[in-house]
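Me: I have a structure open and have never looked at it before. Can we go through it piece by piece?

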2 protein chains.
Amino acid sequence: MRTGVLVTGSVPGEAAAILSGYDVYEVGASEDVVGSCEVLMAWPSRVEAGLIGKMTSLRMVQSLSAGVDALPLAAIPDTVEVFSNAGAYTEPVAEHAWGLLLGLAKGVQTRKQRTIPRKLRGRTLLVVGAGEIGSEVAMLGKSLQMRIIGVSRSFKKPELYDARHHPSDLKNVIGSADAVVLSLPLTKQTRDLIDYDTLARCGQNVLVVNVGRGETVVEEDLIRWLKERPGSRYATDVFWKREGKEVFDTLAWELPNFGGTLHNSGVPLGETLTVPFVRAAQNVRRFLETGEAANRVDLADYL
Amino acid sequence: MRTGVLVTGSVPGEAAAILSGYDVYEVGASEDVVGSCEVLMAWPSRVEAGLIGKMTSLRMVQSLSAGVDALPLAAIPDTVEVFSNAGAYTEPVAEHAWGLLLGLAKGVQTRKQRTIPRKLRGRTLLVVGAGEIGSEVAMLGKSLQMRIIGVSRSFKKPELYDARHHPSDLKNVIGSADAVVLSLPLTKQTRDLIDYDTLARCGQNVLVVNVGRGETVVEEDLIRWLKERPGSRYATDVFWKREGKEVFDTLAWELPNFGGTLHNSGVPLGETLTVPFVRAAQNVRRFLETGEAANRVDLADYL
């Protein structure tokens, strides 16, 4: 009998070929099939806690999203290994971060109203969360001859940064930044990290972009700060959850110095669809062949 | 008696220091003073043809703007040399071009409406007008690993381009571009260069940005093309003149695939004010000391 892989939807051709040595099923298969599958490859928000309980042979959960925060992590037994899809969205999300940042700097969003543009060249960029996306954001900043500061638990490409700091130093260094890009996963440590006290330490005319997770920023603190600091601007691709679901409504839209896109930076439509599936499928195959795989998540960061 | 320099407004300190060996006057000075000045350092749109007639000692006109197209060029005698301020706005305008291009690619302008983003990395960027701004735009494109094509009469940094073409080849090469940045001065040759026939040769999903001059694109042809090609997008910082004055009203704003900023890319406010004045003042001083200066304009390109 071949190993079974359960997926929260259909698998595009290129990724399906990578999994051709296994039996691939979609969620909704019979209880016997679900109970026999050793791998769940999933869009986290589509996984209900009940499904995990039925997967009695489960050994691996492979996220199709970059993050795993939307998985029902508390329902996953200790014996199951959980893997993120970090790196699968690096290029489009880093481009997106720069689109939001230059959009803020140049007033691209405020059509029919003339704004004074900010020049970024030569200024200081703070990257908070120096994983794959943060590193790519930093690299683009270097090509604009910006000074790059990083705040992160670990640095994927430490050579990109003019200065590197531990997250505990965030409040001490944020004030030196002209632009801040948040590219953090949502964990116990990063939830509500950007609160009023942190924002208040920013310079008067800072530009802040968020391409990580909405909940790393305290919504009401952000709104208070944007009202108090009309020269500061915030643009985001990620929003806050209501009842477990990310919704794009927020009172922040009423502020002239708030802008954003509706979580489309790495949206798996069209051209960006293939890469996340292929990378996830490669990781699943590696796990099943070798017992090891990339991007293993430490559940202690989340629970 | 010291050489006189007439200016269309006050000169900021750093630039005034460069001109300290000359008598600097503002437009509105007495007829005697105006008649004695050998240099006019000017915002082109503030120069009336009548002023030129009164400047009987005039030898040099130095534009404070990048372009000279708004000067009353027909009123300037052959004996007077005219200089643009090319290069004075390179960094902010190139950043701006990238803000508009990434804005188009990522849907930054369409707040509260989800769009499918376009990835730029690995795609083909066509730079039309490969002067200082175009070269800087190309350089940023290279850092996104784009393939760079240039169409220009001359190339400031030819090594940046994977392929270089003469303007007569524009219609043959524009179809291979995923993104087009127009950074052209407005001359006899470039006016109405981007007409319907040229636009129709673009790919179905092209992104076009204009940071040169509005009139290099035929307004009604652009509107027709944007209506016919909903997958194509156009963002501009430069608009069309009505009765000699650039105005930001155009029917194009009603189209969902048109966007822009109101000619603020190099707007001489705040941080970008100093550089254009300093560069213009340096060029004036060089001319008065040596008889030569940078960025001399061939009036045959305009008249």
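This is a predicted model: local features need pLDDT of at least 70, side-chain atom pairs count only at pLDDT 80 or more; totals for chains, interfaces and linings use all residues.

Me: Start with chain B. What stands opposite B:L6?

Reply: B:L40, in β3(B). Strand β1 (residues 4–7) of chain B is joined to β3(B) by three bridges, and the two run parallel.

Me: How many bridges join β3(B) to β4(B)?

Reply: Four, again in parallel, with β4 covering residues 60–63 of chain B. One of the pairs there is B:V39 with its bridge partner B:M60.

Me: Which helix goes with those two strands?

Reply: Helix α3 (residues 49–54) of chain B; with β3(B) and β4(B) it makes a right-handed β-α-β unit. Right-handed means that, with the strands pointing away from the viewer, the path from the first strand over the helix to the second runs clockwise.

Me: Are the faces of β3(B) buried or exposed?

Reply: Both faces are covered: B:V39 and B:M41 on one side, and B:L40 and B:A42 on the other, are all buried. A residue is buried if 20 or more other C-beta atoms lie within 10 Å of its own, exposed if 12 or fewer, and partly exposed in between, with C-beta atoms placed from the backbone.

Me: Over to chain A. What does β7(A) pair with?

Reply: Strand β6 (residues 124–128) of chain A pairs with β7(A) in the parallel sense over five bridges, and A:V127 stands opposite A:G150 there. Strand β8 (residues 163–165) of chain A also pairs with β7(A) in the parallel sense, over three bridges. In β8(A), A:A163 is the bridge partner of A:I149.

Me: Why is β7(A) called largely enclosed?

Reply: Because four of its five residues are buried, β7(A) is largely enclosed by the rest of the structure. β7(A) also belongs to a right-handed β-α-β unit with β6(A) and α5(A).

Me: Where is A:Q145?

Reply: In the loop between α5 (132–143) and β7 (147–151) of chain A. A:Q145 has a phi near 55°, a positive value in a residue other than glycine. Most residues other than glycine have a negative phi. A:Q145 is exposed, with 11 other C-beta atoms within 10 Å.

Me: Different topic. How is chain A divided?

Reply: Into domain 1 (4–87 + 269–301) and domain 2 (90–260); such bounds come from an automatic or database domain assignment. The C-alpha centres of these two domains of chain A lie 30 Å apart. Six residues of domain 1 are in contact with ten residues of domain 2, where contact means that C-beta atoms, placed from the backbone, lie within 7 Å.

Me: How are the two chains related?

Reply: Chain B can be laid on chain A with an RMSD of 0.0 Å by a turn of 180° and a shift of 0.0 Å along the axis. The two copies are thus related as by a two-fold rotation axis. In chain B, the C-alpha nearest the axis is that of B:Q109, 2.4 Å from it. The superposition is by least squares on the C-alpha atoms of residues with pLDDT of at least 70 in both copies.

Me: How many residues does the contact take?

Reply: 37 from chain B and 37 from chain A. On the side of chain B that touches chain A, α4(B) gives the most, with eleven residues.

Me: Why do the copies meet through the same surface?

Reply: Because 100% of the interface residues of chain B are also interface residues in chain A.

Definitions and conventions. Residues are numbered from 1 along each chain as its sequence is written. Chains are lettered from A and ligands numbered from 1 in the order in which they are written. Two strands pair if DSSP finds at least two bridges between them. Two residues are in contact if their C-beta atoms, placed from the backbone, lie within 7 Å.
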